[in-house]
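Keep the viewer open as you read.

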Amino acid sequence: MSATLVPVDEAPAPGASRTKPRLAAWIGYAGITAVLLLFAFGSPFFLTASNIATILTQASVFGIAGVGLAIVIIAGGDDVLNGGIDLSTGAVAGLAGTVTALAAAAGTPGMVAVLYGVLVATAIGVVNGLSVTLGLRPLLATLATMGVAASLELVFSQNLKIAVTGGFFEAARGSVLFGIPLVAWLMALIGAAVWWVYGKTSWGVNSYAVGQNPTAAQVAGLDPRRYRLASYVLSSALAGLAGTLLVARLSAAVPGIGTQILLDIILVAYMSMIFSRRRLVSVVGTVLAAVFVAALDNGLTLLGVASQWVGAAKGLLILLVLASVTLRGRKNR
Amino acid sequence: MSTIETLAAPVEPSPGPVAAYSGKKRGTLQASRLVAPGTLALILIVFSVLSPVIFTVGNLFGILGQVALLALAAIGLTLVVRAGGIDLSIGVALDLGALASAWLIHDGYRAWVAVAGGLLCALAVGAVNALLIVILRIPAFLATLSVWFAGTSVQQLLTGGGAPIYLSAPLVPDGFAVIGRGYFLGIDAAIVNAVSISLVVALLLGITRYGRKLTMAGEQPSAARISGLRTNALIASAYLLCAVIAGFAGVVLAARSNGYVPGSGQAYLMDAIGAVFIGATISRYGRVSVGGTLIGVVIFGLLDNGLNLIGLSFFWQDLARGLVLLSILLAAVVLGRAKSRPATGIFALLRTTKHQALTNTAKGNRK
């Protein structure tokens, strides 16, 4: 392990990728356009305004929680075993939804109920962040808090569906602004804000540095712990918000939904790599991926594909994405 | 984006952690290594005060019988983690093993055909994992995650949307039933199976050349490759073995429950991961081992059983498990950090930044 042998952290040559994007960089877009065109031709309903609104509403939950996970991956590095991952995000979303529904059922005004949910979620995020900064692997720390959050959800809800009623949640579900659902605007707003923070400010640039090469970042005087702690807190807060949106959409907090949406959130965050020429997890890519995954679910259903195949399609999709990403990485090296 | 691109520019990792890694301290017992056995003892003491039944022989064997399947799954995972990977698809291998064997018994095949069929189906899952990870070089976590997705779909498709298979007891051949429900010298067959597989894997990892090679391929992949080990074959073999062991757990499950319920295997995944990494805390080098994994498995088993005996609803069980897992791992990390500065053992494994620096250098050497 002499110093000369120690190479770069798989980084492609910066100059080459900046000047001319390779053909492979567009494969992701091409594949997605092809799939969407297939749906558009396959079903006359796919491109109707109401269906697009449905897709955007469905995408917003995964999109917002996915942006949180993307932040964790940005600040922790995309090596899943040792780097950033937040397995608790789905369970935290479920817990926040349950807390919100319970608070609303007890008569708390809607906005305050949502705040309670997000606060509980943030508390779990603080536990995640502190465990990780103490030196625990994120995979294990968030695995443990995932169990805790899922169990708290059961304890609070007694494994019963909690219906929410009231103008606030109906407004959150039904409002449309300029033809686009309110929750989709919320997703776009959060996406834009996080993109600005992590793409344009020094905090964001430092977060990328800490994630890509912690040793170098430390030598340069950055403290990785600050950025990581913040990333887990943010991730859980966003997951909590997504959970309350899910409750608003379903008009109820459904127990056990957290573990079901975890896989979709992970899929969305990692799929953002195909929208990035440098195969990094990105915020804008996450939002686009959330829309695409929702469109995929919707389109497959419209085409009459049995729901069993949708899971297989998603699994295949992750594999295709990852294979293209790995191939691109090899070519660049 | 341009600012980000400059950040990913070549930066030489400092040689610090690598130098620290070579300075291993022997001799003094690290307090962190006692955390897992200590927790086990504490749980035993607390529950034996709360409930007098827990220490009866019948109850203890009951606990072992309950955790036998988890033990099998976790031992398979131990192999993979020792080889430096992770397998989220053990539940799929387990389910497909159960599905194939239950199906074959249902169609009237002999016991050995059903067992072989179950193991073969599980082996196919392992082969897919190995292909994705070793040949396509997809990160293990994501590759096995997508196998989990796809495997769940495959189960639903094979069972017509998730219909369980029930076997009527008189039609099940004795040779199959004995795998899950038999008694050997008065001991539950599931325990016998788990113990014998544990022994085989412990010997495989502990005293054979294969075990040492596998450990080396997992801990120092580039050094292993340079010194001429066929790391690809070794890592692939770990995934195959893991899938077969999980598939065997599935066969035991099918024989024990007289049938197959889709998606039942994934319940073991989280506990198995927890048990394996609890087990890693008892090693000086932070190495996962069969013995450590079994301690983790028994901790989970005792916890579930004890909570049931004192009458807490199952809603609280995941909470207790999560808290115990978190506190064991945190205690191990914190105690280890206070004791010795050079990051060895569990701390090199659990501590993210140092380990990441190490794996980055190792990864870079791979061409």
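Met111(A) is exposed, at 59% relative accessible area (exposed is over 50%, buried under 20%, partly exposed in between, with a 1.4 Å probe and protein chains only). This is a predicted model, where local features need pLDDT of at least 70 and side-chain atom pairs pLDDT 80 or more, while totals for chains, interfaces and linings use all residues. Residues are numbered from 1 along each chain as written, chains are lettered from A and ligands numbered from 1 in written order, and side-chain values use heavy atoms, leaving out hydrogens and water.

Met111(A) sits in helix H5 of chain A (helices are DSSP runs of H or I, at least four residues, and strands are runs of E, at least two, numbered from the N terminus). Together with Val112(A), Leu115(A), Tyr116(A), Leu119(A) and Phe168(A), Met111(A) makes a nonpolar surface patch with about 580 Å² of accessible area (Shrake-Rupley, 1.4 Å probe, only the protein chains shown counting as cover for residues). Patch members have over 30% relative accessible area and no salt bridge, with nonpolar side chains (Val, Leu, Ile, Met, Phe, Trp, Tyr) joined within 5 Å and like charges within 9 Å. A salt bridge puts a Lys or Arg side-chain nitrogen within 4 Å of an Asp or Glu carboxyl oxygen. Helix H5, residues 110-134, gives the most to this patch, with 5 residues.

Now over to chain B, which has 17 helices and 4 strands. Of its 367 residues, 54% count as buried. Its accessible surface comes to about 14,900 Å², with 69% belonging to carbon and sulfur atoms.
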